[in-house]
Amino acid sequence: MIVGAHESIAGGWFKAVERAQVDGCGALQVFTKNSGMWREPELDDAAVQRFRQAHLAAGHPPVLAHTSYLINLATDAGELMERSITALVAEVQRSSALGIAYCVLHPGAHLGKGEDEALDRVAAALDEVHARTPDATAKILLENTAGQGTCVGHTFGHLGRIFARAQHPERLGVCLDTQHMFAAGYDLVSEEGYARAFLELEAEVGLKNVRAFHLNDSKKPLGSRVDRHEHIGEGLLGLPTFWRLINDLRFADIPGVVETEPREGDAPYRDEVALLNGLRGAPQPKPAPPAFQLELTPATDAKGASSGKTSRKKRSS
Ligand SMILES: [Zn+2]
Ligand SMILES: [Zn+2]
């Protein structure tokens, strides 16, 4: 795994590359626009060149562009669908202009209209985006979701069906978010669960289509279907799980970016990037004491809970 982080573009696209270097990243992810707004930024040539130069000077690390959260290719509402397609076309064109290889996309939410039809709509919308961007170099990576609300894409079967129904599956890939996998019910913590998850992925999508990872620990339990990232090693996945992934040679050349809450200071991801890189070739770390029991065990004994001792005891069940 080539470890990196999601970096801010405040001050310009090139700034994200500089921040990634400060954090010790071998890869990075950016938003190429304000991810919560439909408005598209101007593709200013000087700014594009500045990013390309910074990227080259940094040794041309793998870059992912996370697309806008407003895009919903699973919708059955015509106006939102057209807006979403237009926005994704702009994302793909902008990333291509910047020399960014991958655009990460959440497949969308069906809002109660049924999963299977929603997956059809996603595939058809991707066909339309591909038709409108014949010369684009950037590939769209479907990100697996936690399955919150009516979001599709939380099973590998969903992603596989989109691949199977799209006219240009060779222009697609997958970005796997570890927190979303766990929340969606893939037990990455156990060795068997980890093996089973990637067997299912191989069968449904093909491991060759995995182009990137989002490396996030989880605040929420297995199968909770809730998307809440925790700092690496501080959540329910824990360091042993990340050790397994970092040392999984199938993914040795693939970028994996941390998307946790940035820490204070001018190197917000330096510690987490170093922690992950430190797992490479190291003996498997012991599971951390389950601090999460604070959440799982109701703090009926206020004294015990505040001392932090009772709550950290391993549950006997
Ligand atoms: Zn995402
Ligand atoms: Zn997430």
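Helix α2 is followed by Gly 59, whose phi is positive, near 90°. The model is predicted.

**Helix α2 and Arg 50**

- Helix α2 covers residues 45-57, and Arg 50 has its place there.
- Arg 50 counts as partly exposed because it has 16 C-beta neighbours inside 10 Å, a count that lies between the limits of 20 or more for buried and 12 or fewer for exposed.
- Leaving aside neighbours within four places in sequence, Arg 50 is in contact with Gly 12 and Phe 14.
- Gly 12 lies 38 residues from Arg 50 along the chain, while 8.8 Å separate the C-alpha atoms of these two residues.

**Strand β1 and its neighbours**

- Strand β1 (residues 2-6) is mostly covered, with four of its five residues buried.
- On one pairing, β1 runs parallel to β10 and is joined to it by four bridges; here Gly 4 stands opposite Val 257 of β10.
- β1 also runs parallel to strand β2 (residues 27-30), with three bridges between them; His 6 stands opposite Gln 29 of β2.
- Helix α1 (residues 13-22) makes a right-handed β-α-β unit together with β1 and β2.

- Strand β3 (residues 63-66) runs parallel to β4 and is joined to it by three bridges; His 66 has Val 104 as its bridge partner in β4.
- From β3 the chain passes through helix α3 (residues 78-98) to reach β4, in a right-handed β-α-β crossover.
- Four bridges join β4 to strand β5 (residues 139-143), and these two strands are parallel as well; Tyr 102 stands opposite Lys 139 of β5.
- The passage from β4 to β5 goes through helix α4 (residues 115-132), and this β-α-β crossover is right-handed.

**Strands β7 and β10**

- Strand β7 (residues 210-215) and strand β10 (residues 255-258) run parallel and are joined by three bridges.
- Phe 213 stands opposite Gly 256 in β10.

**Tyr 269**

- Tyr 269 is found in the loop between β10 and α9 (270-277).
- Tyr 269 is buried because 28 other C-beta atoms lie within 10 Å.
- Not counting residues up to four places away in sequence, Tyr 269 touches Ala 5, Asp 23, Val 258 and Pro 262.
- Gly 24 is 245 residues away from Tyr 269 along the chain, and the C-alpha atoms of the two are separated by 8.3 Å.

- Most residues other than glycine have a negative phi.
- Leu 111 has a positive phi, near 50°, and its place is in the loop between β4 and α4.
- Leu 111 is partly exposed because there are 16 other C-beta atoms within 10 Å.
- Arg 225 has a positive phi, near 60°, and its place is in the loop between β8 (217-218) and β9 (229-230).
- Arg 225 counts as partly exposed because it has 16 C-beta neighbours inside 10 Å.

Definitions and conventions
Residues are numbered from 1 along each chain as its sequence is written. Chains are lettered from A and ligands numbered from 1 in the order in which they are written. This is a predicted model: local features need pLDDT of at least 70, side-chain atom pairs count only at pLDDT 80 or more; totals for chains, interfaces and linings use all residues. Two strands pair if DSSP finds at least two bridges between them. A crossover is right-handed if, with the strands pointing away from the viewer, the path from the first strand over the helix to the second runs clockwise. Two residues are in contact if their C-beta atoms, placed from the backbone, lie within 7 Å.
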